Amino acid sequence: MTATLTESNGTASARLRAKSVSLAYDDHVVVDHLDLDIPDGKVTAIIGPNACGKSTLLRALARLLRPSSGHVVLDGELIHKRPTKDVARRLGLLPQTPIAPEGITVVDLVARGRTPHQKLFQQWSTSDEAAVSAALEATGTSALADRAVDELSGGQRQRVWIAMALAQETELLLLDEPTTFLDIAHQIDVLDLVDELNRDRGRTVVIVLHDLNLACRYADHVVAMRDGGIVAVGRPAEVITAETVRDVFGLDSMVIEDPVSSTPLVVPISARRENAPNLPSTQRLGAETETRS
Amino acid sequence: MTLLDDLHRGADDLATSESSREVAAVSISGRVIRRRGFSVRLDPRAIGVCVGLAGLIVIVGLWSISVGDFPIPISDVVATLLGNPTEDSEFIVGTLRMPRVLVGTGVGAAFGMSGAIFQSLVRNPLGSPDIIGFTGGAALGAVVMIVYFEASALQVSIGAVAGGLIAAVLVYLLAWKRGVQAYRLVLVGIGAGFAISAVIDYMITRAEINDVQRAAVWLTGSLNGRSWDEVRIVVVALAVLGPLAVLMQRNLDRLDLGDDTAAGLGVNVGRAKLMLVLVGVGLAALGVAAAGPVAFVAFVSGPIARRLVSSPRACIVPAAFVGALVTVVADLAARRLLAPTELPVGIMTALIGAPYLLWLLTRQARTGAL
């Protein structure tokens, strides 16, 4: 299952690319011969059902997982040939479940983002200080700087983790489901922040997301995965159709225009609650539902 | 601290004049010293704690040298140490009591550092090397050398390090199931500890009575009759492994954020963990080689140090000072509590450590961490 790469980024440059990458845990193959270019300066969202390999792919893109075949290329060189520290200066990563040490303050945690820029006797330079200060400001966490991370709300904590990744001052930012466990308001809050980082600060962002509609709204580029392969890739308006949703999630749906952002809005159709009064039957998709109604 | 204050202020002035960027002050913890391309972060509280503990160690050490069947006034002890011995004091201080105190200090420091490293790596205070069988492995290695090879101090050390490493590898492999989970490591380690002590018991019952006596006293963890040979072991251990442990504090702090986050920050996770385990096992094993598996010193030092420094990091250096003080105090108590009978120091440390272990076990069982 290889990707069709020509759609929207035929001309765009890509510093980070996966070339025929296969990923496996032990003998269990999770991702099979996958090709992907991450377009520079864009927000790329990776979507797909649970266990489709999206987080695994992100781990490989971040050099955390070594492909069993194929390779990930960063700035023209194999990412696994690059030293860890060198990768960390180019690419920042926020894993799904980072752990905050008990009692650590926000500023101390964010300061750890400076690790790849520090040396044994360069533990806290003026540029470290400037970067941390800027990261706190960008994420709106300056006021929390002296608070303990474990006292914060889930949304605040996620901002702090993003601040840590920002303090790393990398142009590429990889975020693994940063909105999971957050309520809808905090999800928007975090994604607005991502949007700002991309548009105002020119960061290239790769983000694994569960929520299709938020992915459509915030991403320039969507990668839809199923069973360790890419089903569709491109601009949300081109890619997210009822057909793709059925292919990827096995779910019948109606795709309409999001009244707020004019991006695709996926409205799922359930077998149990389908007979809403004003459902225009022409937009119905899926043979089963057609015959039943 | 005034010197540091001045340095800091000076560096700040320099920084603001040099840097064109507007930098909002960031109140990072610790004190920062900057000079041109050089910058260090120090934790004044940790330094204070270490200085305070060092003072206490000196006081208890002098006291311990002074008391005994043949008391020597503190003033004479100090005079002897400064090179002006009286008639009797040279032998008693220089040959009998001084090495004992030095070995106690060094062994305590080694156990303290080792405990702090493993407790942080395993993310659980029960991950201490004396709980999860690593010191047991070192003890087995040493007993093999004593019983079968009538070994010298150096050979016992080699046996201990080898035993500790083998135990660590075994426990790690047995606990492996797609990576190592902390609670599995702790449970497997405790089991391995029992298996190891069974093997030691078997060897003791089969061995020559003289060797058994030597091994048995040593197995309780004793500082009795320690000579400059053992002092040399701990000095070498601390001089080589101590600085390595301190250098690796940085990586240990990053690993505290989770393996993936640490790797994302540029830490070579596999190599960093391997180095930490090697240094941690080395420290514990050399401690065992010098004084036997003194119970619970590694186990209590890390948590006490963290409490004193009140820091979210693993406090490797403060834990060394705590371990040293705990061991020296325990040895003084072991010598004087039932004087003229001397108890092995391991019994005293067990008296402190065992209740803490019970409390921790019940608490973790209740909160479901274990």
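Q: Is the crossing where H4(B) passes H14(B) left-handed or right-handed?
A: Right-handed, that's how H4(B) goes past H14(B). Keep in mind that this is a predicted model.

Q: At what angle do the axes of H4 and H14 of chain B cross?
A: At roughly 135 degrees, and the two axes come within 6 Å. Helix H4 covers residues 89–122 of chain B, while H14 covers residues 316–336 of chain B. That angle makes H4(B) oblique to H14(B).

Q: Which residues in H4(B) meet which ones in H14(B)?
A: On the H4(B) side they include Gly104(B), Gly108(B), Phe111(B), Gly112(B) and Met113(B). Among their partners in H14(B) are Ala320(B), Gly323(B), Val326(B) and Asp331(B). By class, that contact divides into 14 nonpolar, 7 polar and 1 charged.

Q: OK, new topic. How many residues of chain B are in contact with chain A?
A: 29 residues of chain B, and they touch 35 residues of chain A. Strand S2 (38–42) and helix H11 (259–264) of chain B each supply at least two residues of that side.

Q: And what's the class make-up of the side of chain B that touches chain A?
A: It has 13 nonpolar, 10 polar and 6 charged residues.

Q: Zooming out, how many helices and strands are in chain B?
A: Chain B has 15 helices and 2 strands. Its radius of gyration is 22 Å, close to the 21 Å the globule rule gives for 370 residues, so chain B is as compact as a globular protein of that length.

Q: What share of the residues in chain B is buried?
A: Buried residues make up 49% of the 370.

Methods
Residues numbered from 1 in each chain as written. Chains lettered and ligands numbered in written order. Predicted model: local features only at pLDDT ≥ 70, side-chain atom pairs only at ≥ 80, totals over all residues. Axes fitted to C-alpha atoms, helices over the stretch in contact; angles between N-to-C directions. Helix = DSSP H or I, 4+ residues; strand = E, 2+ residues; numbered from the N terminus. Parallel < 35°, antiparallel > 145°, perpendicular 65-115°, else oblique. Left-handed = near helix turned anticlockwise from the far one by under 90°. Contact = placed C-beta atoms within 7 Å. Nonpolar A, V, L, I, M, F, W, Y, C, P; charged D, E, K, R; others polar. Rg over C-alpha atoms; globule rule 2.2 N^0.38 Å. Buried ≥ 20, exposed ≤ 12 C-beta atoms within 10 Å, placed from the backbone.
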